[in-house]
Amino acid sequence: MALAVLPTGPDLSVRSATTRLAEEFPELSAHSIVLVVRTCREELRGSPADALPELVERLARQRLRVSLD
Amino acid sequence: MGYVDVSGVRHTLPDGRVLLDDVNFRIGEGARAALVGENGAGKTTLLRIIAGDLVPEAGSVARTGGLGVMRQFIGSVRDDTNVQRFLVDLSPPAVREAWDALEAAELALMETDDERGQMTYAHALSHWGDVGGYEAEVTWDTVTVAAIGIPYDGCKYRELSTLSGGEQKRLALEALLRGPDEVLLLDEPDNYLDVPGKRWLEERLLDTRKTVLFVSHDRELLARVADRVVTVEGGSAWVHGGGFVSYHEARTARHERLAELRRRWDEEHQRLIDLVRTLQQQAANSPDMANRYHAMQTRLAKFEAAGPPPDRPPEQKVAMRLRGGRTGVRAVIAEQLELTGLMKPFDAEIWYGDRVGVLGANGAGKSHFLRLLAGQAVTHTGECRLGARVVPGFFAQTHAHPEWQDRTPVDLLWHGEPGRPGVDRGRAMAALRRYGIADQGEQQFRTLSGGQQARFQILLLELSGATLLLLDEPTDNLDVLSAESLEDALGAFEGTVLAVTHDRWFARSFDRFLVFGADGRVYESTEPVFDETRVQRAR
């Protein structure tokens, strides 16, 4: 039976967050940022679509900050 | 379709009196039921039990389809509640809880922006979506536009106290009628609405497919909307399955039937007592009769244990005696009168014995006009005179007497005031009894119900010997019976009556109408005019 899987590909919430966070955290590789953003996107998949970009970006920013501390 | 099923409900007051007992009725299938009863009969308590605010001492209330409640205080909200909070509070419990959780999460995030807070916020947001929060916000937008002409985003932080009573009512009604709840409890939904507002309410209630239980004293609204009438009286409730038009006959017939059943029970009771006495004497002389005597004793005991049927409820006795007296033929003369900033100059002559309804737009100066005639300071130009022997008596809306709030009716009657001599305690209590407020004689005025305050004010008019009655919305807080009693008293009053009213039923008893138009024009009409729109002022 095929399971319905939500697309976690490069949607708006991932793209916009990745671009901004890459500028904000030049010391981190683009690959690490994308990984964190995608994980956040996956964890927040039940959230309302309109709120998703902001939620993903805030959570990813928080995690990236912690990783640098 | 939603319904409310009230079964065997009993409620006792803190002083031990049983207010409601064995209340049984079911309202469902899109019925529009009016809940009526005298002031203090227990209508609001019953509504609170149905709404779940009070737990009944016995019995139960079953509901399906979600319950929306509009409370009586809506229209007089003066605290800092804003439009958003107000609409949330009118929403189903799931939406309210999700909103509260979302708000708490937002506040927590403002305090500490950490991962835990962000996940809580994200969950609260998802839950808000799951319970239909976004759909609710779309509905709120429609509601605010319909009620006050402003989109939700433009007014959600606006304090409710900046809206008029009518706007507050309309906002609540729009929200409930457009909301998902299938059963609505509306406690005096028409208060604070002007006549176009009441007509709008009637149309909406006639259109809705929801089940509605509403309390109202407006006889026109009751007659147009209610398809059944639940009456709270005599400590219980009964349902008339027809409309308000046939209600009085049904109530009288029911009272007669109850009185007849009670009379038969009393007769049978007396017959059994007599039989037991006879058999007791016979048993003393004949042992054979002893068995019959004991059997009859048992039968009497069982009969008494079953108890009598409910008695006919006591009628509320309100006997208003407005006497008045002969005055000059011309009772009121207004020449080029203009209440500054409220209207264009107008002339009017009101004759002794006239019954004049003062109608028109809210904010057009009707109440100010009455206050001017009552001798109060109202800025004006032109002239306004009272005729010979005309003594004005003024009935203000009930909140207009802050100086009475901490005094008791007996005290107010005892001391009198200029133009109204004081009366001794005996006379005061007799007068209060006639107005059905003797039990409240020693209570502070502020603790009386709206209807009791209104009746007390009419009593003061009676004692003042007024020959010109100036009444500002006198039926607003009166129950149906008291309003009818006031109409009878005004019919017998020898003198002139001017009354500001939005009560269409009451207005029909007047002969002439002075209409204060929204455009500032004051004109006479032989028919009641109720479609003057509200005066627009800068807000």
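How many helices and how many strands does the secondary structure of chain A hold? The legends below take up this question and others for a predicted model.

**View 1. The elements of chain A.**
Chain A has three helices and zero strands. From the N terminus on, its elements run α-α-α. The chain has 69 residues, and 29% of them count as buried. Now take the contacts in chain A between residues at least 6 apart in sequence. Of these, 56% join residues at least 24 apart.

**View 2. Where chain A meets chain B.**
On the chain A side, 10 residues are in contact with eight residues of chain B. What kinds of residue make up the side of chain A that touches chain B? Five are nonpolar, three are polar and two are charged. For the complex, the predictor gives an ipTM of 0.74 and a pTM of 0.77.

B:Gly154 sits in helix 6 of chain B, which covers residues 152–155. Why is B:Gly154 called partly exposed? Because 14 other C-beta atoms lie within 10 Å, and the partly exposed class falls between 12 or fewer (exposed) and 20 or more (buried). B:Leu221 lies 67 residues from B:Gly154 in sequence. In space, the two are 33 Å apart, C-alpha to C-alpha.

**View 3. Confidence along chain B.**
The mean pLDDT of chain B is 89. In this chain, 98% of residues reach 70 or more. Which element of chain B has the lowest mean pLDDT, and which the highest? Helix 16 of chain B (residues 480–492) has the lowest, at 81. Strand 7 of chain B (residues 211–215) has the highest, at 95.

Key
Residues are numbered from 1 along each chain as its sequence is written. Chains are lettered from A and ligands numbered from 1 in the order in which they are written. This is a predicted model: local features need pLDDT of at least 70, side-chain atom pairs count only at pLDDT 80 or more; totals for chains, interfaces and linings use all residues. Two residues are in contact if their C-beta atoms, placed from the backbone, lie within 7 Å. Ala, Val, Leu, Ile, Met, Phe, Trp, Tyr, Cys and Pro count as nonpolar, Asp, Glu, Lys and Arg as charged, and the others, Gly among them, as polar. Helices (H or I, at least four residues) and strands (E, at least two) are DSSP runs, numbered from the N terminus. pLDDT is the predictor's confidence in each residue, from 0 to 100.
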